[in-house]
Amino acid sequence: MDTLRSMRVFRAVVELDSFVRASERLDLSPAMVSKHVMHLERHLGARLLNRSSRHLSLTEIGKVYFEQCREMLDNLDEVEATVGRTTVVPRGMLRLSAPVWFANAIFTRTLVAYRERFPEVTFDIDLSGRVVNLVEEGFDLALRVSQAPSPSLIARPIGSIAFHLVAAPAYLARAGLPQLPQDLAQHAMISYSLLANGNELAFDGPQGSETVKFSPVLQCNNESLLHAAALDGMGIALLPSWQTDADLAAGRLVRLFDGYQLAGGKVHAVYTSRRYLSSKVRTFIDFLADEGRLGA
């Protein structure tokens, strides 16, 4: 067996705390993952892992070997990545997670343009709106809108998206037009349940900055439902410009508080490690960031 390959498999088993999750991540059978670990143990003449039906733990020798193994593989990956920037053609499937409202014409054109340049890359995209676990679920990359991404991940800013407070004319005819942000407390609010600041919004206006709290009549982690509810006159919604521009132009929605600015959402490309990025991930992030492909 290839000892270097076995070292990578061993590292995945330890970091994921599971033979099965390592097999899924590395696209190997659980039996082959076990063979790689046993190959290392025979090669070293020492047991590296204590195994039971429900638990894995490193032996004392395993702990030492794992730390040395990880450092060596990180250094090797860094060297290969440096060489790969000029010699490796991006190829393979890129697994990507993004918010629901990335299902729009601008992002679609981005994918088309990227594949015109790198035709050997394919995409598997999750637009469920949930915050995925990149490692455990095998994602290469996530696009997330946040002012403060998780400190446990690497986050590269690639643009910003404007958000608008909008409502249907039918709702405003029934409930009245709010004149000031604090009027939102008396209105039916439609809220994205994963908002970082919970049920409050920050405005910059003629009197400076102010924060307004509200009680939503609908909370959901899917922006498409919020968009539909706003169009049907259920209440006032905070939605990205990608979802509202056509409706505002057609008069199906009305933008509120023109004299006030809401904090725009920063779009980050989020991944697990900067030490080694495959060429498909690196080139896709560069493509988004360097060419303004998000239309921000």
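The largest nonpolar core of this predicted model has 44 residues. A nonpolar core here is a set of buried Ala, Val, Leu, Ile, Met, Phe, Trp, Tyr and Cys residues joined through side-chain atoms within 4.5 Å. Buried means under 20% relative accessible area, exposed over 50%, and partly exposed in between, with a 1.4 Å probe and protein chains only. Leu-143, Leu-165, Leu-184, Leu-201, Phe-203 and Phe-284 have the most contacts inside this core. Helix 9 (residues 279-290) gives the most to it, with five residues. Helices (H or I, at least four residues) and strands (E, at least two) are DSSP runs, numbered from the N terminus. A second, separate core has 19 residues, including Val-33, Leu-40, Leu-56 and Leu-73.

A note on conventions. Residues are numbered from 1 along each chain as its sequence is written. Local features need pLDDT of at least 70, side-chain atom pairs count only at pLDDT 80 or more, totals for chains, interfaces and linings use all residues, and side-chain values use heavy atoms, with hydrogens and water left out.

Start with Leu-143. Contact means heavy atoms within 4.5 Å. Setting aside residues up to four places away in sequence, Leu-143 touches Leu-96, Ser-97, Ala-98, Pro-99, Phe-102, Phe-107, Ile-158, His-268, Ala-269 and Leu-288.

Ser-97 leads on to strand 3 (residues 92-97), which runs parallel to strand 4 (residues 121-126). Six bridges join these two strands. Two strands pair if DSSP finds at least two bridges between them. Across this pairing, the bridge partner of Ser-97 is Asp-126 in strand 4. The chain goes from strand 3 through helix 5 (residues 105-117) to strand 4, and this β-α-β crossover is right-handed. That is, with the strands pointing away from the viewer, the path from the first strand over the helix to the second runs clockwise.

Now take strand 7 (residues 163-167). Five of its five residues are buried. Both faces are covered. Phe-163, Leu-165 and Ala-167 lie on one side, and His-164 and Val-166 on the other. Strand 7 has an antiparallel pairing with strand 12 (residues 236-240), over four bridges. There, Phe-163 stands opposite Pro-240. Strand 7 also pairs with strand 13 (residues 254-255), again in the antiparallel sense, over two bridges. Val-166 has Arg-255 of strand 13 as its bridge partner.

Strand 9 (residues 200-205) joins strand 10 over six bridges. Gly-205 faces Gly-208 of strand 10.

Return to helix 9, where Thr-283 is found. Thr-283 counts as buried because its relative accessible area is 12%.

Val-64, in helix 4 (residues 60-87), gives a contrasting case. Its relative accessibility is 54%, so Val-64 counts as exposed. Val-64 and Leu-48 are 16 residues apart along the chain, and their C-alpha atoms are separated by 9.3 Å.

Last, the cysteines. A disulfide is a covalent bond between the sulfur atoms of two cysteines. The cut-off used here is a pair of cysteine sulfur atoms within 2.5 Å. The structure holds zero disulfides. Cys-69 is buried, at a relative accessible area of 2%. Cys-220 also counts as buried, at 14% relative accessibility.
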